[in-house]
Amino acid sequence: MSDQSPSSVPTDALQETAGKPVFAPYDAPAGGWGALHATAKALREQSVELKGSRALLWMNQPDGFDCPGCAWPDPRHTSSFEFCENGAKAVTWELTKHRVTRDFFAAHTVRELEQESDYWLEQQGRLTEPMRYDPATDHYVPVGWDQAFTIIGRELNTLDDPNEGEFYTSGRTSNEGAFMYQLFARRFGTNNFPDCSNMCHEPTSVGLPESIGIGKGTVLLDDFAYADAIFIIGQQPGTNSPRMLTELHRASRRGVPIVVFNPLRARARTVCRATESGGMATFGETRISPASIARSASAAMSQPSKAS
C-alpha cells in the first residue's frame, strides 16, 4: 500500500477523501523514482522545495545533522543521499511554512479538534507561541513566554522529589532539542526520560537479557556485507526501516538468500528498484526475496505438514 499522488487516483475517490491521505494498491518497485516522487511531493506540500532540498543533502552527513525519523546507523562511506522517504517527510514537517496561530485555536474548540484525524492536524502547521488550555471555553489560549515558564516552574516546584516527574518528548523532536531538554531535566535532579526503548521495546529489554544476556541488538551495519544468509522475521523494512533496503539490495545482488517470515506481503520485500543512479536511469529492478520464499507465514502455517 502507498500514499499515491492524487493524479494516480480516480477523481471520485479524491472527492470522498478530500483532506485525508489516499491509500491505493502500489505495484511499482519500492525506492528509486517512486521514493523520489514522494519526497518531491512532501517538499511541495510544506512549501519548502529549495530550503528542504538543501537540508536533505545535509542529513546524515558527517558535517550535517542526524535524521529525526530513526536511528539507522550511517555507513562509513556516505553518499549524497543518506535518507529515506520517511526521513525526508520528517524534515519537511520540521521546516514547514504552515503556521498554527492563535486565530486557529480561537476558531476551533478542543472537542472539535478531537474529531479531526492526526493527518489533518499535522497539515495545519507549527505552533507560533505558547498555548494553555482554558477549561471554561474549551479553547487553547495564548500565553507569554514568561507566564509559560512561570506555570511550568510552579508545577515542578510542587513535587516533593524531582524523581516524581517524568520528562517525555516526541520522537519527532530534533536531536539538538532533545539534548537541551535532557540537560534541563538532569539539572532539575532526575533522569526519568521515557523514550522509545521504554515504551516500545520494553519486552526486548526484559526478555533478551534472560536469553542472550543483552537487552538490545548485537549486530553491526557491517554485518550485512559479510552475511551468508539474512532472515527477516515479523518486520517490514520498506515501512519500518527503509534505509535497510540499500543493504538488502546489495546483499541480493551478491546472491545472498533473504528469507522473510511475515503474514503481510510488502512490495518492498519482493522487488526493489536500485537507488543508485545507474539502476534508476535504466529503470532496473532487484529482487529482494523470491515470491516462493516471501510468502506469508499465515499461508505457510495453514498447509498440513508432511509429518501429519
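**Reading the second largest pocket**

Modeller: The second largest pocket has a volume of about 1,000 Å³. Its lining comprises 20 residues, and those closest to the centre are Leu-127, Pro-130, Trp-145, Ile-152 and Tyr-181. On a 1 Å grid over the protein atoms alone, a pocket is an open set of points where a 1.4 Å probe fits, with protein on both sides within 12 Å along at least five of seven lines; lining residues have an atom within 4 Å of a point. The volume is the space filled by probe spheres set on the points, which are joined across faces, edges and corners. The model is predicted: local features need pLDDT of at least 70 and side-chain atom pairs pLDDT 80 or more, whereas totals for chains, interfaces and linings use all residues. Numbering starts from 1 along each chain as its sequence is written, and side-chain values use heavy atoms, without hydrogens and water.

Biologist: Which element gives the most to the lining of the second largest pocket?

Modeller: Helices (H or I, at least four residues) and strands (E, at least two) are DSSP runs, numbered from the N terminus. Helix 8 gives the most, with 4 residues. Strand 2 (126–127), helix 8 (145–157) and helix 9 (175–188) each supply at least two.

Biologist: Which residues make up the largest nonpolar core?

Modeller: A nonpolar core is a set of buried Ala, Val, Leu, Ile, Met, Phe, Trp, Tyr and Cys residues joined through side-chain atoms within 4.5 Å; buried means under 20% relative accessible area with a 1.4 Å probe, protein chains only. The largest core has 12 residues, including Trp-72, Leu-221, Phe-224, Met-244 and Val-260. Strand 5 (230–233), helix 14 (244–253) and strand 6 (258–261) give two or more residues to this core, and helix 14 has the largest share, 4 residues.

Biologist: What is Trp-72 in contact with, beyond its neighbours in sequence?

Modeller: Contact means heavy atoms within 4.5 Å. Leaving aside neighbours within four places, Trp-72 is in contact with Leu-221, Phe-224, Ser-241, Arg-243, Met-244 and Glu-247.

Technical notes
Buried < 20%, exposed > 50% of the residue type's maximum accessible area, 1.4 Å probe, protein only.
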